[in-house]
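Work through the exercises below with the sequence and the model open. Try each task before reading its solution.

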Amino acid sequence: MVIVKPLRLILFAGTFCSWVLANPTPKVSQIDPCTTLSQSSEEFLTYDAVLACYRNIPFVESVREQTVNNLMKALQFYVFRDVAKEGPAGIDLMQDLQDLLVANFTNDFDFQKSVQEVFIPLNDGHVGYQPGCYRTMSFIQAFPLISYVDSMGVQRVYILDHLMFRQGLYDKVREISGLSVEDYLGMEVTEIDGVPVIEALQQFADEALGRTKDAQQRFELLLANHASTSSGQWRSFYGYWASPGIVPDKESITYTVRSPYDYSTTVTVPWIASSQIRLNSFSSTPSYKKEYCDVESTSPYEMQFLNPSTLGILPETGPGQSEVENPTTPYSRFPDLLNNPLVGTGPLKFYRLNNNTGILVLSTFSLGEKLSSSDFDTHMERGLEKFKQLGIQKLILDFTNNPGGSICLGYKLVKYLFPEVPHSQLYYQSDLSRSPLSMELAKHNSIWKCSNYYDPHENALHQQLSCMLPGMTYNRGGEPSDFTHLMQYNCDYHVNRNIVRKPWFQAKNIAIVSNGRCASTCSSVSNFLQRVMKVRTFVTSPFPTGTNPPISTAPGGMVFSYENLLWQITEAGLSKREDAPRKFPQKADFYFTIMENYGWDSNLPDEYVQQPATDRVVLDANKFLSPIEVWTEVSEKMSYDKPQHGSKY
């Protein structure tokens, strides 16, 4: 007989337990919910089926520690970490992340969602954490909402009166709830989950959306609207209420609706998940985790160096455009004007509204296939010359739904309108957070390289480490914070070339119109024109009273990707430093404001001193449907004098 000594049994048991702790397995259930999900052949899925799979991913302590520690290291570069702590609702990001280290989580999904929620209260469209593991599905409400005032001037909320999504989504809603969405199109909504509708929407916008510091703007972001796309098509956009970009907290929404015949009823609409992946690409929870959560330790960085002039566009521009062609959409009703611009291509188009008013629609500042730098120059020259030939005296810039893009292209637009503005006045004064790691990065070809920037006091480029040394120290948020000297990004190559025209429009004959979804570079341009050039700004809004919301949002500065940060650290040979962030343990991205802009009339970062628009266009049914109605009101409100040669400042 072979006798096994008790000590060896104890050692074996200890070793086995250690192995189990180091290699947790998904929760054991009779049926693996991810297997069930993978076997579906449907395009649209139920909320419960997706959440069951998501919540079957096990919580791993090392994933928590590495995720939180990497974020805390990355925050040394976030320029608003200190000022965000100010005020009664101050946000201490470092403390909030540390709190996650001791919180209890039953699965990875709950942990990752908590990380995501740390950054929402910043109300900063340039900041967000996105766990790739749980972005494989897009959750949709089949009721996109709109809001405008009725004939009595009372703000109402309605269900959009035409279909926006593919038919399969509506079929899935009918399968789950027996509800025919088509029966409710155009009806007024009076309550959501038993709460008055405007109050309920504002609460959702404030608590779950964030993205902008103005409450009216947050509300408006939820709503469907109509605008020009980046490819130049006039389409409907369904808003963050219908597609919030997050995993909802519950499976359905209950609406109280009022019919045209003035009777009220309640209807419950389920959240529907639209798969962004091939469901047959996994077969179980472990294979889903391997495919969509785990990071390949040997995978190389696929980033290229991103010039700062290309980093102004928000990483997520908002819910997309209608997925169906619909002959009843508003733009099909005005084909003569909207479908036939005088000049233009893609996102840049010139229209003639009437005998003396021209419209320039620009739906993005992002350069690429749809808008090259040479295309921009060609069409700006042709469009402005055409306006001059037609005797156009007033110019309306429509920046509705413009998410930003190249800051250099933004400066160039201003120079086309006001060629005499000197660069020293035009370029934002900015700074970067200064730390031992950023000072090392400044010695390499990176965002922190001083020679990329002008010294605004010397009107000459910084040299070597002159922007870093000795640096500036501010006391914001109750703590000293180190920053570079003020500097201005050098856009001379883009701004100087191909602009030979003489000024035509005076500032008083130019206006900007937007629904507030004019972000990043678009915000920088709008702020300069409003605050320095004294151009009037008209914000469209469903709110009939109150302080005007700003014309734009997220003006804070330059947005940066975590992957791009890691790439620049790696290229500089600094990835082994103790203070350097490393790859997240699971697929995720973190984007944040790496450069803060200062306004021309404030010592605080622009992110915290947004000014109200000078004017408001209150949306009614006609103005909601037609940009032409909005442009007409703006044109009528603009002051008109025959411009003299040249611009006045």
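Buried means under 20% relative accessible area, exposed over 50%, and partly exposed in between (1.4 Å probe, protein chains only). Helices (H or I, at least four residues) and strands (E, at least two) are DSSP runs, numbered from the N terminus. The model is predicted: local features need pLDDT of at least 70, side-chain atom pairs count only at pLDDT 80 or more, and totals for chains, interfaces and linings use all residues. Residues are numbered from 1 along each chain as its sequence is written, and side-chain values use heavy atoms, with hydrogens and water left out.

**Exercise 1. Which residues of helix α5 are buried, and what do they pack against?**

Step 1. List them. In α5 (residues 93–100), the buried residues are L93, L97 and L100.

Step 2. View the helix down its axis. These buried residues fall within an arc of 50°, so they line one face of α5. The arc is that of the directions from the helix axis to the C-beta atoms.

Step 3. Recall the geometry. An α-helix has 3.6 residues a turn, so residues three or four places apart point the same way.

Step 4. Name the neighbours. The buried residues of α5 pack against α4 (61–74) and α6 (108–118); contact means heavy atoms within 4.5 Å.

**Exercise 2. Describe helix α13 and its cover.**

Step 1. Check the length. Helix α13 (residues 373–390) has 18 residues and reaches 26 Å from first C-alpha to last, close to the 26 Å expected at 1.5 Å a residue. The expected span is 1.5 Å times one less than the number of residues.

Step 2. List the buried positions. They are S373, F376, D377, H379, M380, G383, L384 and F387.

Step 3. See what covers them. The cover includes strands β13 (343–345), β14 (348–352), β15 (357–362) and β16 (394–398), along with helix α14 (407–417).

Step 4. Go past the end. G391 follows α13 and has a positive phi, near 75°.

**Exercise 3. How many disulfides does the structure hold, and what pattern do they follow?**

Step 1. Count. There are five disulfides, each a pair of cysteine sulfur atoms within 2.5 Å. With bonded cysteines counted along the chain, the pattern is 1-2, 3-4, 5-8, 6-7, 9-10.

Step 2. Take C34 and C53, joined at an S to S distance of 2.0 Å. C34 lies in helix α2 (residues 33–38) and C53 in helix α3 (residues 47–54), 19 residues apart. The S-S torsion is about 95°, so this disulfide is right-handed. C34 is buried at 0% relative accessible area, and C53 is buried at 0%.

Step 3. Take C133 and C293, joined at 1.8 Å, S to S. C133 lies in the loop between β2 (128–131) and β3 (137–140), and C293 in the loop between α11 (285–292) and α12 (335–338), so the pair ties together parts 160 residues apart in sequence. Both cysteines, C133 and C293, are buried.

Step 4. Take C518 and C522, joined at 2.0 Å, S to S. The link of C518 and C522 is left-handed, with -105° about the S-S bond.
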